[in-house]
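The stops below go from the whole chain to single contacts.

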Amino acid sequence: LTNPQHADHLLSVFRFSASRSDLSRFLASPQNRQNNGCLVPGDSTDMAVLQQNLNMFANDSQKLNELKKNYRLLCYDIGQIQKLLSGFTHDREKLEALRLLYPYCSEPANYPALSRILSNEESRTQFSIFLSKQQQ
């Protein structure tokens, strides 16, 4: 939900009051808004499969497209994200991937540490701006 003012409209779509109350609790929880409720990262087997799928591609744009198809299936810890993005060469794709993966990180408080995988200062600045917007 990108605009909290639309929550009432979203709630009206649900027929059962239990569903409406569950959604209300979910929307009210700051933790859920930050990281989709991801508390436990994916297991090593799932991560190995995703990493292997990314490594099949030669360039960053292909790897990013593959990541976009599958990233919502798992939650990630900082180490897993760092490992996934180690296969990317360019900051542009790394930064876009970092933006995609943020809501699926099981440890969002440690997410700023991932700025070290970006090679230039401009990318790090864009990453910091992104993170500051997520905290609002």
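Colour by secondary structure: the chain has eight helices and zero strands, where helices (H or I, at least four residues) and strands (E, at least two) are DSSP runs numbered from the N terminus. This is a predicted model, in which local features need pLDDT of at least 70 and side-chain atom pairs count only at pLDDT 80 or more, while totals for chains, interfaces and linings use all residues. Residues are numbered from 1 along each chain as its sequence is written, and side-chain values use heavy atoms, with hydrogens and water left out.

Next, colour by accessibility. Of the 136 residues in the chain, 36% are buried (under 20% relative accessible area, 1.4 Å probe, protein chains only).

Select α6, residues 78-85, and show the side chains of Ile78, Gln80, Ile81, Leu84 and Leu85, which are buried. Looking down the axis of α6, these buried residues fall within an arc of 165°, so they line one face of the helix; the arc is taken from the directions from the helix axis to the C-beta atoms. They pack against α4 (44-55) and α7 (91-101).

Move to the start of α6: a side-chain oxygen of Asp77 lies within 3.1 Å of the backbone nitrogen of Gly79.

Now select α7 together with α8 (residues 121-134). Their axes, lines fitted to C-alpha atoms over the stretch in contact, come within 10 Å and cross at roughly 15°. The two helices are therefore roughly parallel (angles under 35 degrees). On the α7 side, show Asp91, Leu95, Leu98 and Arg99; on the α8 side, Ser123, Gln126, Phe127 and Phe130 make the contact (heavy atoms within 4.5 Å).

Methods:
Buried means under 20% relative accessible area, exposed over 50%, partly exposed in between (1.4 Å probe, protein chains only). A polar contact is a pair of N or O atoms within 3.5 Å; within protein, one must be able to donate a hydrogen and the other to accept it, and residues adjacent in sequence count only if both atoms are side-chain atoms. Axes are lines fitted to C-alpha atoms, for helices over the stretch in contact, and angles run from 0 to 180 degrees between N-to-C directions. Angles under 35 degrees count as roughly parallel, over 145 as roughly antiparallel, 65 to 115 as roughly perpendicular and the rest as oblique.
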